[in-house]
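Visitor: I would like to learn how to read a model like this one. Please take me through a few features, one at a time.

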Number of protein chains: 2
Amino acid sequence: MHPQAQRVLVVGSIGIDTVETPFGKATDVLGGSATYASAAASYFAPVDMVAAVGEDFDLRQFSFLQARGVNLEGLEVVKGGKTFRWGGKYHFDLNTRDTLFTDLNVLGTFDPKLPAATRGSPYVLLGNMHPLVQAKVLDQMAARPKFVVGDTMNLWINIARKELEAILGRLDCLIINDSEARELSGSHNLIKAAANIRRLGPKTLVIKKGEHGALLFHGNDVFSAPAFPLEDVFDPTGAGDAFAGGFLGHLAAKDRVDTAALRQAVVWGSALASFCVERFSVEGLREVPPKALSARYAAFKDLAHFEAEA
Amino acid sequence: MHPQAQRVLVVGSIGIDTVETPFGKATDVLGGSATYASAAASYFAPVDMVAAVGEDFDLRQFSFLQARGVNLEGLEVVKGGKTFRWGGKYHFDLNTRDTLFTDLNVLGTFDPKLPAATRGSPYVLLGNMHPLVQAKVLDQMAARPKFVVGDTMNLWINIARKELEAILGRLDCLIINDSEARELSGSHNLIKAAANIRRLGPKTLVIKKGEHGALLFHGNDVFSAPAFPLEDVFDPTGAGDAFAGGFLGHLAAKDRVDTAALRQAVVWGSALASFCVERFSVEGLREVPPKALSARYAAFKDLAHFEAEA
């Protein structure tokens with residue numbers, strides 16, 4: 001962790017997931033956007049996590065996050081509540097999945113309350129939640145954060161378009177996947193889609209393309225990051241959140257949001273996502289040795305390298 | 001063109017195309033894999049083109065290729081024959097197309113005859129043709145060429161699998177797109193697909209992914225090249241052939257087939273493909289100014305650049 005690393009505020013969901021992939025099944029395992037994103041960001045910067053669980057949740061599951069410097073003061077245990085549960089089954093191509101069940105439980109009424117100490121957070125990650133809940137987070141900030149990153153999903157594009165557009169105007173950076181970018185923009189061409197989306201607010205946009213890497217749009221700059229070539233993706237769950245956590249964690253660590261830092265952040269996000277999908281649940285993010293992290297970044301560098309014209 | 005540039009032999013089709021895209025329609029325009037590939041390769045190396053047309057073909061259409069140093073000695077004008085004609089309509093996403101008509105004409109009985117001077121060609125490109133026709137080209141070579149590159153398509157995977165596997169064993173490099181790689185290998189994961197395909201023969205493999213760039217597999221090396229971010233693709237026809245021509249042209253120019261040269265070749269192929277799709281038919285490849293070529297390569301370099309870990 002850099003000595004000048006700034007704090008990262010992560011607000012999102014905590015879930016108990018049941019996941020089936022072509023490689024096996026994991027029942028009642030730790031999940032949720034806040035969990036994945038906080039774990040990934042913790043490799044770069046100190047993290048404050050704001051989320052909610054029910055009384056059924058075994059808080060010892062978060063001891064690995066605490067050991068990684070994640071502050072859980074903002075974790076609410078809802079009296080009499082049950083934790084969000086999600087079940088999904090991935091198809092053989094791992095790009096599509098069926099949701100088998102969704103029990104929103106405490107997530108359905110999640111009303112994030114930021115501890116006083118986090119209201120001045122310079123780097124803020126709004127995990128995938130209803131845009132009105134995302135707005136509630138920003139409403140509690142003492143001052144405009146230095147960099148606000150938001151995630152969203154097709155559901156909100158479909159059922160809360162107006163509220164989503166309102167929050168887009170308050171983001172510095174939106175991170176979405178390619179199908180969401182196409183749906184949100186109405187354009188199949190991702191370069192056009194990016195231009196359309198950025199007109200809605202976020203000056204910086206990251207489009208995640210799964211096995212095809214990611215695109216970063218910032219100012220007039222376009223950056224194309226490769227995906228790590230994995231023969232087996234064991235469990236794609238949380239890859240997007242790990243990406244977002246690693247991405248914002250790097251920016252907070254450098255305390256810079258210029259093009260060079262953003263390009264590196266996309267690669268760090270991709271690296272953390274690649275560790276995430278190599279194991280079930282959050283297993284791949286529990287304890288990545290520093291050498292393995294550096295080696296993965298170097299592998300991305302090698303993957304994309306070619307010599308200048310000569 | 002490099003002073004040490006070696007000759008490139010291109011064998012493929014010549015067509016009269018009628019193409020409809022969301023941007024317009026081009027009727028009875030010049031096409032064919034040999035045309036696109038020869039035009040692209042001519043920016044790097046001297047080219048010998050072997051192909052066939054009917055008596056209906058206006059040979060003046062090739063004066064731009066001759067001006068670019070393409071030798072047409074191997075162009076056969078079939079007596080009483082008609083030129084191959086193809087009509088297609090691209091869907092709005094430009095990734096899928098309907099073939100409206102295919103009149104094979106002289107292509108249906110194409111029996112390539114290599115002029116004596118081309119039988120020692122060190123760099124050979126076998127355009128997308130029946131694998132038995134591709135084999136006939138190699139059978140005429142005086143010696144094993146230094147580097148043989150082949151293209152193919154789903155049709156041959158489906159109806160001539162055995163013949164295709166036989167020719168794969170004689171290629172140094174196969175260039176195919178992602179859907180073809182999945183079909184040929186039976187694996188959805190492109191990293192696994194690449195391993196399966198390389199077991200069939202070609203030590204070097206390029207998988208083209210359209211808007212997502214291209215992957216190169218060579219030895220234990222994997223290279224991920226970005227795609228040039230184009231807001232509008234006017235006509236995708238010939239992009240794959242332009243890629244192959246630019247790719248092999250660069251290798252012939254350098255007279256090297258090591259990893260560094262192959263990585264650059266993938267980028268040059270992508271650059272030529274990007275010029276190709278910006279106009280209808282071969283218009284985009286007629287005369288790219290050297291400065292525009294260099295600038296496009298530099299744009300790819302910038303697109304993929306990020307700083308090492310720090």
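Guide: Start with burial. A residue is buried if 20 or more other C-beta atoms lie within 10 Å of its own, exposed if 12 or fewer, and partly exposed in between. Keep in mind that this is a predicted model.

Visitor: How many C-beta neighbours does Gln66(A) have inside 10 Å, and what does it count as?

Guide: Gln66(A) has 14 C-beta neighbours inside 10 Å, so this residue counts as partly exposed. Gln66(A) belongs to helix H2 of chain A, residues 63-67. Its C-alpha atom is separated by 37 Å from that of Lys162(A), a residue 96 positions away along the chain.

Visitor: What confidence does the model carry?

Guide: The average pLDDT of chain A is 95, and 99% of its residues score at least 70. For the model, ipTM is 0.93 and pTM is 0.95.

Visitor: Where does burial matter for reading a strand? Take strand E10 of chain A.

Guide: Strand E10 of chain A covers residues 173-177, and five of the five are buried, so the strand is largely enclosed by the rest of the structure. One side of E10(A) carries Cys173(A), Ile175(A) and Asn177(A), and the other carries Leu174(A) and Ile176(A); both faces are covered.

Visitor: Which strands pair with E10(A)?

Guide: The general idea is this: strands of a sheet pair through backbone hydrogen bonds, either parallel or antiparallel. In this case, strand E9 of chain A (residues 147-151) pairs with E10(A) in the parallel sense over three bridges. Val149(A) is found opposite Cys173(A) of E10(A). Strand E11 of chain A (residues 204-208) also runs parallel to E10(A), joined by five bridges. There, Asn177(A) has Lys208(A) of E11(A) as its bridge partner.

Visitor: In what order do the four strands of the open sheet in chain B lie?

Guide: The order is E3-E2-E6-E7, with mixed pairing. Strand E3 (24-31) and strand E7 (97-103) of chain B are the edges, each pairing on one side only. On average, neighbouring strands of this sheet are turned by 15° against each other, direction ignored.

Visitor: How are the two chains related?

Guide: Two copies of a chain are related by a rotation about an axis and a shift along it. The same surface serves both, as 100% of the contact residues of chain B recur in chain A.

Visitor: Which elements of chain B touch chain A?

Guide: In all, 32 residues of chain B are in contact with 32 residues of chain A. On the chain B side, the elements giving two or more residues are helix H7 (190-199), strand E13 (221-225), helix H9 (259-276) and helix H10 (290-304). H10(B) provides the largest share, six residues. By class, this side of chain B has 16 nonpolar, seven polar and nine charged residues.

Conventions
Residues numbered from 1 in each chain as written. Chains lettered and ligands numbered in written order. Predicted model: local features only at pLDDT ≥ 70, side-chain atom pairs only at ≥ 80, totals over all residues. Contact = placed C-beta atoms within 7 Å. Nonpolar A, V, L, I, M, F, W, Y, C, P; charged D, E, K, R; others polar. Pairing = 2+ DSSP bridges. Axes fitted to C-alpha atoms, helices over the stretch in contact; angles between N-to-C directions. pLDDT = per-residue confidence, 0-100.
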